[in-house]
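Subject: Structure for you to look at

Hello,

Here is the structure I promised to pass on. Please open it first; my notes on what was found follow below.

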Amino acid sequence: MIKQKKKRSRQFRDERKVCKTEVSKRKRRVVKAQGQEVKPSKSAVSKRRASKTAKRKLIYTTIILGIIVVVGVSGFNVYNVINEEKQVKQEQAQLLKEKQRLEYQLQQIDSLEYIEQQARQLLRMTKPGEILYVLPDPKDVEAQGGQEPKPEEEGR
């Protein structure tokens, strides 16, 4: 003999009784043959429907909230990427301006006029026949207290 598991039949689900399914099936067949169908009470049906609808609502609500969260996070990421793209474009424009400025400066450095100007200013070179006059820098005058040296004191 094969052991059969005891299962709850439809009739006894709400009640805590355990019976063999085959026995309950036979009882239902006999009742159907007699023309009397055993229907669960309306309160049991309404409770089942209410619990099923509550479960469905919970599942649908969870799915909808999950979708909203995913869409929200995706939208936030898109917004961040757009802002980052704007910043990169601004930085690129600034770098292009700086590149143009440096290229212009490089062209100036290669010219003879610029080389002559730097030689005169930094190295204090002169052309033949020119006299170089050196004046004190205004910064040096302020550092000494705002007084220029007197010509009489220089000779002593």
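Glu116 is partly exposed, with a relative accessible area of 36%; buried means under 20% relative accessible area, exposed over 50%, and partly exposed in between (1.4 Å probe, protein chains only). The model is a predicted one, in which local features need pLDDT of at least 70 and side-chain atom pairs count only at pLDDT 80 or more, while totals for chains, interfaces and linings use all residues. Residues are numbered from 1 along each chain as its sequence is written, and side-chain values use heavy atoms, with hydrogens and water left out.

Salt bridges

The structure holds 4 salt bridges, each defined as a side-chain nitrogen of Lys or Arg within 4 Å of a carboxyl oxygen of Asp or Glu. Side chains of opposite charge can pair when their charged atoms come close.

Glu116 forms a salt bridge with Arg120 (3.6 Å, N to O). Both residues belong to helix H3 (residues 112-122) and sit 4 residues apart, about one turn of the helix. Helices (H or I, at least four residues) and strands (E, at least two) are DSSP runs, numbered from the N terminus. Arg120 counts as partly exposed, at 30% relative accessibility.

Glu116 also meets the side chain of Lys127 in a salt bridge (3.3 Å, N to O). That pair links distant parts of the chain, 11 residues apart: Glu116 is in helix H3, and Lys127 is in the loop between H3 and helix H4 (138-143). Lys127 is partly exposed at 43% relative accessibility.

Arg120 has a salt bridge to Glu130 (3.0 Å, N to O). Glu130 lies in the loop between H3 and H4 and Arg120 in helix H3, so this pair ties together parts that are 10 residues apart in sequence. The relative accessible area of Glu130 is 36%, which makes Glu130 partly exposed.

Surface patch

A nonpolar patch on the surface is formed by Ile59, Tyr60, Ile63, Ile64, Leu65, Ile67, Ile68 and Val71, with about 820 Å² of accessible area together. Accessible areas come from the Shrake-Rupley method with a 1.4 Å probe; for residues, only the protein chains shown count as cover. Ile67 is found in helix H2 (residues 42-110).

Confidence

The mean pLDDT (the predictor's confidence in each residue, from 0 to 100) is 80 for the protein, and 74% of its residues reach 70 or more. Confidence is highest in H2, at a mean of 93, and lowest in helix H5 (residues 151-155), at 49. Where pLDDT is low, the predicted coordinates should not be read in detail.

Regards

How values were computed:
Patches are made of residues with over 30% relative accessible area and no salt bridge: like charges are joined within 9 Å, nonpolar side chains (Val, Leu, Ile, Met, Phe, Trp, Tyr) within 5 Å.
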